[in-house]
Amino acid sequence: MTAIGEVDLSVTVGGLRLRNPVMPASGTFAEGLDKVMHFNRLGAVVTKTITRELRSGNPLPRVVEQPGGLINAIGIPSKGVAHFVKKTLPYYAAYDTPLVVSISAPTAEGFASLASELSLPGIAAIEANISCPNIEEDGKAFAMRAESAEKVTRELRNATKLPLWVKLTPNTGEVAEVARAAEGAGADAVVVANTILAMAIDLKTFKPCLGNLMGGLSGPAIKPIIVRQVFQCARAVGIPVIGCGGISSAEDAVEYMLAGATAVQVGTATFLQPAAMIAIIEGLKAFCIRREIPRVSDLTFGVVIEEADEADLAWVDASP
Amino acid sequence: MAIELVRAAGVTAPPDIDDSQTSTSPWRPSVAAELADVLGNEKVNLEYRHLRVRCGELSAKAKPGQFFQLLCPQTPGDQPYLRRPMSVYGMDPAKNEVEFLYKVTGAGTRGLDRLEAGDRVDIMGPLGVGFTLNLAWRHVVAVGRGAGLATLAPLAKAAREAGVHVTAILSARRPSLIVSDELFRSHGADVVAVTDSESTSGPANVERILRRLISDGRCEAFFTCGSSRLMRVQQRLAKEFGLAGQVAMEQQMACGIGLCYCCVRDFNVDGEIVSRRVCWEGPVFDLMEALP
């Protein structure tokens, strides 16, 4: 029997030791949450995506709710890298939680120069959001295909010595290949995944619900899809997988870890329950105590798959 | 026994956080989500409902102009997913109560409409930046329309407690839809009701009323919510007479606490257009910087 409080919640992910496996998803975290929780309780903090240039973001409306989730097209409003280094970075120095900086750029070279510039004291890791459109590839996201993912990851790897996490898109039929390409090019971890490309139309006006016409679906509605992608990626790579998609409870986090995640990111759930991450951390601990699991890291890829003839398993050949 | 309409348990960060790893003073939450007990949820008129809840100390300390994000009950017909922002209509720190005045307009408010005394509702707050009262003022004017009246009502109470007199101009489509006039009067405010049906609510007439108040020395600052047209009138007069002003703005929100940048609006700050989050930098803004 494990005594209460004996559970080891720490995990090692992509070159970082985290006190627990729970962190925010980029874009759903900002200073305002310090009114709700102490940031030193989190495994890591992940910033909103930083770009080199000033970006104003997309036209309104930027969010539309759906059953079990929401579609957003915020458009990465950014005050630019200089503002981040001057204002945001010093703010997080008050906390001892690893600061992961999410970055985006329209070209592989742009990614690399941003990563290089942000290889600063106080920044624990870079999360490259390669789900954004690549202007050199006709607007297709870098993470849509292994080749472009490999190229941008390699340039990033050459540009920074910081732990490099690469955030993949779920909007590809080749997520495991893309993960393998990122690993081959030097990524220390992959974040699986981002929002799923989606659309909603208002039946009163016949107009798209979002100013950007299309957006990304997040929330519980996408969880089973991303759990599957985490599983596919965890089978394909040796580096840690960070699960991200519709996690709102400790049970969801456990499921992601069983599928292969070493750590998890929580996003949309925070919009409904601002202290959701704290509840998930507490719940993970309680789960481990209940199931007599001494280390939360023991859950990673703990999915039990009975011996079977591979040919009988439909998912082997199923293209997502 | 009241039906259980609550969707999810409120989660509050435990107060006993170990701060030993930081040099800052002991951390305490200043925003929390909690399950509040519904004390009443009555029809005020055909459109508006008045929700009163028993809450924790933190929520009951809300300031005029601040808001809460309510997790609206899901019903068989409606599945509101996101919380709905609701400005605070009244607060009583002695009794640990907060009040909301809302109009039933969509999936979220239809869900709220089903709440009965004895139910519980998940409220998150207090959120945002509220009104600021300058104690040097003796007379201020509050101009509200529709649900904007709810936002201004607690200001009238705070103004009275600070010894500042309020003239409230309450605008609605017709007299039966004027809400809160008695509440404003009970807070010591003079009330001027203007309505569309009586053709008194147009910008020209409201401007006439405001000009008289200004010339009588009874308008040192404007507080407004709920009407772009009336806001523009006040901006013009504030500029002409060098008066201060604050406006509480509305916008569709998702997180309510500055994370998602869903609720941005443009503001004119010294000639430069600046994007701000209504939930975080507002919802109360300088009148002169607001754009309709």
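Start with a salt bridge in chain A: the side chains of A:Glu155 and A:Lys151 meet, N to O, at 3.9 Å. Both residues lie in helix 3 of chain A, four residues apart, which is about one turn of the helix. A:Glu155 is partly exposed, with a relative accessible area of 28%, and A:Lys151 also counts as partly exposed, at 44%. Before I go on, please keep in mind that this is a predicted model.

How many salt bridges does a search of the whole structure find? Over all chains, the number is 26. In general terms, side chains of opposite charge can pair when their charged atoms come close.

B:Arg173 forms a salt bridge with B:Glu47, and their closest N and O atoms are 2.7 Å apart. This pair links distant parts of the chain, 126 residues apart. B:Arg173 sits in the loop between strand 9 and helix 4 of chain B, while B:Glu47 sits in the loop between strand 1 and strand 2. B:Arg173 counts as partly exposed at 38% relative accessibility. B:Glu47 has a relative accessible area of 18%, so it is buried, the limit being under 20%.

The next pair is B:Glu289 and B:Arg276, whose side chains meet at 2.8 Å, N to O. They are 13 residues apart: B:Arg276 belongs to strand 14 of chain B, and B:Glu289 to the segment after strand 15. Are these two buried or exposed? Both B:Glu289 and B:Arg276 are buried. There is also a network of salt bridges, which links B:Glu207, B:Arg211, B:Arg236 and B:Glu240.

Now the interface. Here 39 residues of chain A are in contact with 36 residues of chain B. The area buried between the two chains is about 3200 Å², and carbon and sulfur atoms give 63% of that. Across this interface the rule finds one salt bridge. Which residues form it? The side chains of A:Glu65 and B:Arg84 do, at 2.6 Å, N to O. Twelve residue pairs are in polar contact across the interface of chain A and chain B, counting pairs with both residues at pLDDT 80 or more. On the chain A side, the elements giving two or more residues are strand 5, strand 6, helix 7 and helix 8. Helix 7 of chain A gives the most, with four residues. By type, the chain A side divides into 19 nonpolar, twelve polar and eight charged residues.

Just after helix 4, A:Gly186 takes a positive phi of about 110°.

A:Thr107 is in the loop between strand 7 and helix 2 of chain A. At 16% relative accessibility, A:Thr107 counts as buried. A polar atom of its side chain lies 2.9 Å from the backbone nitrogen of A:Gly110.

Last, some backbone geometry. Most residues other than glycine have a negative phi, and most peptide bonds are trans. A:Ile76, not a glycine, has a positive phi of about 50°. A:Ile76 lies in the loop between strand 6 and helix 1 of chain A and is partly exposed, with a relative accessible area of 25%. B:Ser199 has a positive phi too, near 55°. Its place is the loop between strand 10 and helix 5 of chain B, where B:Ser199 is exposed, at 64% relative accessible area.

Where are the cis peptide bonds I want to show? One runs from A:Val192 to A:Ala193, with omega near 10°, and A:Ala193 is in the loop between strand 10 and strand 11 of chain A. Another runs from B:Gly125 to B:Pro126, with omega near -5°, and B:Pro126 is found in strand 7 of chain B.

Key: Residues numbered from 1 in each chain as written. Chains lettered and ligands numbered in written order. Predicted model: local features only at pLDDT ≥ 70, side-chain atom pairs only at ≥ 80, totals over all residues. Heavy atoms only, no water. Buried < 20%, exposed > 50% of the residue type's maximum accessible area, 1.4 Å probe, protein only. Contact = heavy atoms within 4.5 Å. Buried area = accessible area lost by both parts, 1.4 Å probe. Salt bridge = Lys/Arg side-chain N within 4 Å of Asp/Glu carboxyl O. Polar contact = N/O pair within 3.5 Å; in protein donor to acceptor, adjacent residues only side chain to side chain. Nonpolar A, V, L, I, M, F, W, Y, C, P; charged D, E, K, R; others polar.
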